[in-house]
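Please look over the structure below before reading on.

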Amino acid sequence: MVESCISNKIYSYKHECKWPNSEAADVHGIIVRKSRSKGFLVFFSALLILANAVLLFLIKDKSIAVVFWIFIWDVLIVKLLLRKRVEKESVVVMPALGVQLETHYVSGNIIRRFVPIDKILKPVLLECVTPVTCYWSLSLIVQEEAELMLVFKELRPPVKMLVPIWKALCAATGSEGSLNTFTEDGPCC
């Protein structure tokens, strides 16, 4: 049963309650919306690789440097096409047991990580600033771990999608989250 849904150009957030009568499992999912331009880019890149293969066949007698650079270009394009693309990342909150973090790839692979509820000290919502960009990240402070555990390792959803997940994690772990710092559009100044 879908309880709430938030969408933007890149991501969709869905909150589901597996068993509505009990609070056994609460599923929060961030789904990457499909883009038509990516499909066109993949088709165009495949066409480019085919053209390069024909060119390599036709220039047998040409310079080895040209053949080498065309080969390097082909390898880079194939590597970009075959990289791991994420379809969805989910957080399954089970207040009695713990938190399961799932990453679903387009290839069908699913990576699951489980963190027991008694090991989670506090969920934190952080603003990450790099020289190029600024984004929000949801992390868990885990007992006996030197580093923060990122909830979403691959995706960078906006803060308005992270706040409901953060609130659910705070409620499940029993830690207080300062709710007055956040509004629907992000943090208050």
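The sections below go from the whole chain to single residues.

## Basis of the model

This is a predicted model: local features need pLDDT of at least 70, side-chain atom pairs count only at pLDDT 80 or more, and totals for chains, interfaces and linings use all residues. Residues are numbered from 1 along each chain as its sequence is written, and side-chain values use heavy atoms, with hydrogens and water left out.

## Overall fold

The protein chain has three helices and 11 strands. Helices (H or I, at least four residues) and strands (E, at least two) are DSSP runs, numbered from the N terminus. Along the sequence the pattern reads β-β-β-α-α-β-β-β-β-β-β-α-β-β.

Of the 189 residues in the protein chain, 34% are buried. Buried means under 20% relative accessible area (1.4 Å probe, protein chains only). The accessible surface (Shrake-Rupley method, 1.4 Å probe) comes to about 12,700 Å². Carbon and sulfur atoms hold 61% of that surface. Contact means heavy atoms within 4.5 Å. Among contacts with a separation of 6 or more, 42% join residues 24 or more positions apart.

Strand 4 (residues 86-94) pairs with strand 5 in the antiparallel sense, over eight bridges. Two strands pair if DSSP finds at least two bridges between them. K88 stands opposite H104 in strand 5. Three residues lie between the two strands of this hairpin.

Strand 5 also pairs with strand 6 (residues 110-116), again antiparallel, over seven bridges. Here Q100 faces F114 in strand 6. The hairpin of strands 5 and 6 has four residues between them, and G108 in the turn has a positive phi of about 105 degrees. How many residues of strand 5 (residues 98-105) are buried? Eight of the eight are, so strand 5 is largely enclosed by the rest of the structure.

## The 7-8-9 sheet

Three strands form an open sheet in the order 7-8-9, with antiparallel pairing. Strand 7 (120-129) and strand 9 (149-150) are at the edges; each has a single partner strand, so one side of each lacks a neighbour in the sheet. Nine bridges join strand 7 to strand 8 (residues 134-142).

Helix 3 (residues 159-173) lies across strand 7 and strand 8. Helix 3 runs at about 160 degrees to strand 7. That angle is taken between N-to-C directions, on a scale from 0 to 180 degrees, with axes fitted to C-alpha atoms.

## Cysteines

The structure holds zero disulfides (cysteine sulfur atoms within 2.5 Å). For C128, the nearest cysteine sulfur is that of C134, 8.0 Å away. The bridge partner of C128 in strand 8 is Y135. C170 is buried, with a relative accessible area of 6%.

Conventions
Buried < 20%, exposed > 50% of the residue type's maximum accessible area, 1.4 Å probe, protein only.
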